[in-house]
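Let's take a walk through this model together, going from the overall fold down to individual side chains. Have the viewer at hand as you read.

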Amino acid sequence: GLGRMTHPTKRETILDLSRYIDQPVKVKFAGGREVTGVLKGFDQLVNLVLDNTTEILHDWNDPSKPEEVRSLGLMVARGTAVMLVCPANGMEEIENPFLQAEQGLV
């Protein structure tokens, strides 16, 4: 008979943001914009829902000028614009998810 290929019903994602729900995160966007807020939700496309959000305004022409902040409140961030998501209160080292794939190719 014909062999059946089984496809997972849910796409596996490398990025697991679920442990950061209700935690403050920093998000950097394409184009240089940067916000901090409390992560309330996300999907596999990295669309994010943030609450108590503030935007950090940088003056790229005058780096010595102090940063200003602007309150945005509740916001939805499009995943296509998201470049970086990290805990607002520090970085955390994670295991390289691509290492196994690279080793398998050798």
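Is E34 buried or exposed? With a relative accessible area of 8%, E34 is buried, because the cut-off for that class is under 20%. Keep in mind that what you are looking at is a predicted model.

To see where E34 sits, start with the sheet. Five strands make up an open sheet, arranged in the order β4-β3-β2-β1-β5 with antiparallel pairing. At its edges are β4 (68–77) and β5 (82–87), each of which pairs on one side only. From one strand to the next, the twist averages 25°.

Now zoom in on β1 (residues 24–29) and β2 (residues 34–42), which are paired in the antiparallel sense over five bridges. K28 has E34 in β2 as its bridge partner. The side chains of K28 and E34 also meet, in a salt bridge with an N to O distance of 3.9 Å. K28 is partly exposed, with a relative accessible area of 36%. A network of salt bridges links K26, K28 and E34.

The next stop is E55, in strand β3 (residues 48–57). At 4% relative accessibility, E55 counts as buried. Setting aside neighbours within four places in sequence, E55 is in contact with R33, E34, V35, E68, V69, R70 and L72. Two of these residues deserve a separate look.

One is R33, whose side chain meets that of E55 in a salt bridge of 2.8 Å, N to O. R33 lies in the loop between β1 and β2 while E55 is in strand β3, so this pair ties together parts that are 22 residues apart in sequence. R33 is partly exposed, with a relative accessible area of 46%.

The other is R70, which forms a salt bridge with E55 at 2.5 Å, N to O. Since E55 belongs to strand β3 and R70 to strand β4, the pair ties together parts 15 residues apart in sequence. R70 counts as partly exposed, at 38% relative accessibility. Overall, the count of salt bridges comes to six.

Finally, where does T80 lie? You will find T80 in the loop between β4 and β5. At 65% relative accessibility, T80 counts as exposed. The C-alpha atoms of T80 and N47 are separated by 7.7 Å, with the two residues 33 residues apart along the chain.

Note on methods: Residues numbered from 1 in each chain as written. Predicted model: local features only at pLDDT ≥ 70, side-chain atom pairs only at ≥ 80, totals over all residues. Heavy atoms only, no water. Pairing = 2+ DSSP bridges. Helix = DSSP H or I, 4+ residues; strand = E, 2+ residues; numbered from the N terminus. Axes fitted to C-alpha atoms, helices over the stretch in contact; angles between N-to-C directions. Buried < 20%, exposed > 50% of the residue type's maximum accessible area, 1.4 Å probe, protein only. Contact = heavy atoms within 4.5 Å. Salt bridge = Lys/Arg side-chain N within 4 Å of Asp/Glu carboxyl O.
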